[in-house]
Amino acid sequence: MRLQSPSISELHAFAQAARLGSYTQAADALQVTQGAISRAIARLEEHLGFAVFERQGRRSVLTTAGRQYLDAVGPAIFTIESATQAMRRKREGRHVRLSMPPTLFSHWLIPRLPDFSARHPETVLSFAPYRRDDPITSPDIDAWVRIGSMPFPETVQADYLVGRDLVPICRPQDALSICRPQDLLRRPLLAHTNYPDNWARWFEKMGCDDPYPAPAADFELVGMLVQAVVAGMGVAVVQRCLIEDDLAAGRVAIPVHRPFQIERGYFLCQPASRPASHALQDFRDWVLAQARADQAQYAQA
């Protein structure tokens, strides 16, 4: 069977250029020439049939299609890289294998992993394919990140990370005209396919008794939902932890700053009967510290 996917070298060039915003810096990171990066991305664009970057001054910025493609393939690229490093550098007791949802992995964890590597260079992380309903018992996996709410079964040790904070988002140019929750009712409401009740819960918490319309559209992936907001299709309510990059880049804005938490979130889980290795304990301490830092930041917003 003929393979339809791009080469690993093309994907690595694409991912590094997306992370660094520069073909030259991507070339330095991969220890190749700038021309090699440019040719690899040109081959990728020819293979895909669309542009993945556009020039903004001296920076190479992802197109909308490029960002959607990175959201889709980024976790797989990192999984291949981490698995390769694990096989080459695995040391007894300093290896942690994790399973976690791709959305949280790409939007929240990956940007923070360089800090973990700098603090614990001797620890190798690898990531198992995510399966929503896998039992938390596999001997090949050390810990799982799962979407859920307390209490968990007694057989599971669960620590809350992030994901309970819900916020409305809109285009930055629309934020000045949205001062109250009721103002959002004049905009098309966009929803997440798996959590269609988020708008109802948010409006209820905001004390908004006005009837609100059914969502104008729903999307299964958070990345697609955010892109729909950026494109001007409407407004959405999403988990704050999944849009930090979009907020920082000015792609979206939070028009109504009122705290609201649901009981559902992302939890770091492991079998209660299985002692944590030193490496897993290091990762647990680090990732919980990252989550606490986020909570402190949200409280100040």
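The model is predicted; local features need pLDDT of at least 70, side-chain atom pairs count only at pLDDT 80 or more, and totals for chains, interfaces and linings use all residues. Residues are numbered from 1 along each chain as its sequence is written, and side-chain values use heavy atoms, with hydrogens and water left out.

Five strands form an open sheet of mixed pairing, in the order β4-β3-β5-β11-β6. Strands (E, at least two residues) and helices (H or I, at least four) are DSSP runs, numbered from the N terminus. Two strands pair if DSSP finds at least two bridges between them. The edges are β4 (124-127) and β6 (156-162), each of which pairs on one side only. On average, neighbouring strands of this sheet are turned by 30 degrees against each other, direction ignored. Strands β5 (residues 143-148) and β11 (residues 265-271) run antiparallel and are joined by five bridges. Arg146 has Phe267 as its bridge partner in β11.

Helix α10 (residues 278-300) lies across β3 (95-99), β4, β5, β6 and β11. Contact means heavy atoms within 4.5 Å. The helix runs at about 35 degrees to β6. Axes are lines fitted to C-alpha atoms, for helices over the stretch in contact, and angles run from 0 to 180 degrees between N-to-C directions.

The structure holds zero disulfides (pairs of cysteine sulfur atoms within 2.5 Å). The closest cysteine sulfur to that of Cys170 is in Cys179, 11 Å away and too far for a bond. Cys208 is also in no disulfide; its nearest cysteine sulfur, that of Cys179, is 14 Å away. Cys170 counts as buried because its relative accessibility is 1%. Cys208 is buried, at a relative accessible area of 7%. Buried means under 20% relative accessible area, exposed over 50%, and partly exposed in between (1.4 Å probe, protein chains only).
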